[in-house]
Amino acid sequence: MFKNIEPGIYFFTGIAILFPFLFTNDLIIRFVFVVIAVILNISTGRKIRVLPNILLLLGIMIANIYPPGGKVYFEIGNFYITQGAISSGLKKSLLLIGSVYISRFAVRKELIFPGKAGFLFYKIFFYFEKLTELHLKFKKNIIEQIDLKLIEIEKSTALSEATNAKNNSFNIKPDFKQILFFITINFLFWGLFIYSNIDLWRS
């Protein structure tokens, strides 16, 4: 749906929406932000893997079981599953998952800033995108899999082609559709962020 947007628009949109996402304290609003971030990734051609997100969510929630706090929902042996543990685990896991998806949405390997510093950022973006596409097999050595992927990336023709084009200037020439895209996404995030803080400002 939004695959023809310039990489620079993705980047600046991601930067603009990161603040309201990081600083919202409302669990429901943060969940909505994550859902929007996932939809943005899908609509711009990114692949979404559900299982790693579920494992991350469960892992962080389990890590927040101690110390128990709040209303006890149920017990599993000596473990008390409390309202505080679930709320804290959900907030932290959504923060991490959302940050990853906003980063994946914003960072494109086609984005090249001018100069040597710009090309350094390009390489970081390139490696980040390729590593997030890595499908790890947990029955094998994970470190070895990452090493092999890094070697593959280093030898890739795409990185060599970018080296030859590193002096290209960073120009954004957005049309009305891209400007509307930038404004709409920012309106969604900032509007929800302001709405979630209305009661806080009133108190």
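## Basis of the model

The model is predicted: local features need pLDDT of at least 70, side-chain atom pairs count only at pLDDT 80 or more, and totals for chains, interfaces and linings use all residues. Residues are numbered from 1 along each chain as its sequence is written, and side-chain values use heavy atoms, with hydrogens and water left out.

## Overall make-up

The protein contains 8 helices and 2 strands. Helices (H or I, at least four residues) and strands (E, at least two) are DSSP runs, numbered from the N terminus. Read from the N terminus, the order of the elements is α-α-α-β-β-α-α-α-α-α.

Of the 203 residues in the protein, 35% are buried. Buried means under 20% relative accessible area, exposed means over 50%, and partly exposed lies in between (1.4 Å probe, protein chains only). A contact means heavy atoms within 4.5 Å. Among contacts between residues at least 6 apart in sequence, 69% join residues at least 24 apart.

## Helix H1 and threonine 13

Helix H1 covers residues 7–23. H1 has 17 residues, and the distance from its first C-alpha to its last is 25 Å, close to the 24 Å expected at 1.5 Å a residue. The expected span of a helix is 1.5 Å times one less than its number of residues. H1 has a kink of about 30 degrees at isoleucine 17, shortly before proline 20. The bend at a residue is the angle between axes fitted to the seven residues ending there and the seven starting there.

The buried residues of H1 include Gly8, Tyr10, Thr13, Ile17 and Pro20. Threonine 13 has a relative accessible area of 0% and is therefore buried. Apart from neighbours within four places in sequence, threonine 13 is in contact with Phe105, Phe181, Phe182, Ile185 and Asn186. Isoleucine 185 is 172 residues from threonine 13 in sequence, yet their C-alpha atoms are 7.4 Å apart in space.

## Helix H4 and two of its glycines

The 24 residues of H4 should span 34 Å at 1.5 Å a residue, and its end C-alpha atoms are 34 Å apart, so the two values agree. Among the buried residues of H4 are Ala85, Gly89, Ser93, Arg104 and Phe105.

Glycine 84 and glycine 89 both lie in helix H4. Glycine 84 counts as partly exposed because its relative accessibility is 31%. Its C-alpha atom is separated by 8.6 Å from that of asparagine 64, 20 residues away along the chain. Glycine 89 counts as buried because its relative accessibility is 0%. Leaving aside neighbours within four places in sequence, glycine 89 is in contact with Ile60, Met61 and Asn64. The C-alpha atoms of glycine 89 and methionine 61 are separated by 4.1 Å, although the two residues are 28 apart along the chain.

## The second largest pocket

The second largest pocket holds about 270 Å³ of space. On a 1 Å grid over the protein atoms alone, a pocket is an open set of points, where a 1.4 Å probe fits, with protein on both sides within 12 Å along at least five of seven lines; lining residues have an atom within 4 Å of a point. Grid points are joined across faces, edges and corners, and a volume is the space filled by probe spheres set on the points.

The lining has 14 residues, of which Phe31, Val34, Asn53, Leu94 and Ile97 lie nearest the centre of the pocket. Helices H2 (27–43), H3 (50–63) and H4 (83–106) are the elements that give two or more residues to this lining. H2 provides the largest share, 5 residues. By class, the lining has 13 nonpolar, 1 polar and no charged residues. Here Ala, Val, Leu, Ile, Met, Phe, Trp, Tyr, Cys and Pro count as nonpolar, Asp, Glu, Lys and Arg as charged, and the others, Gly among them, as polar.
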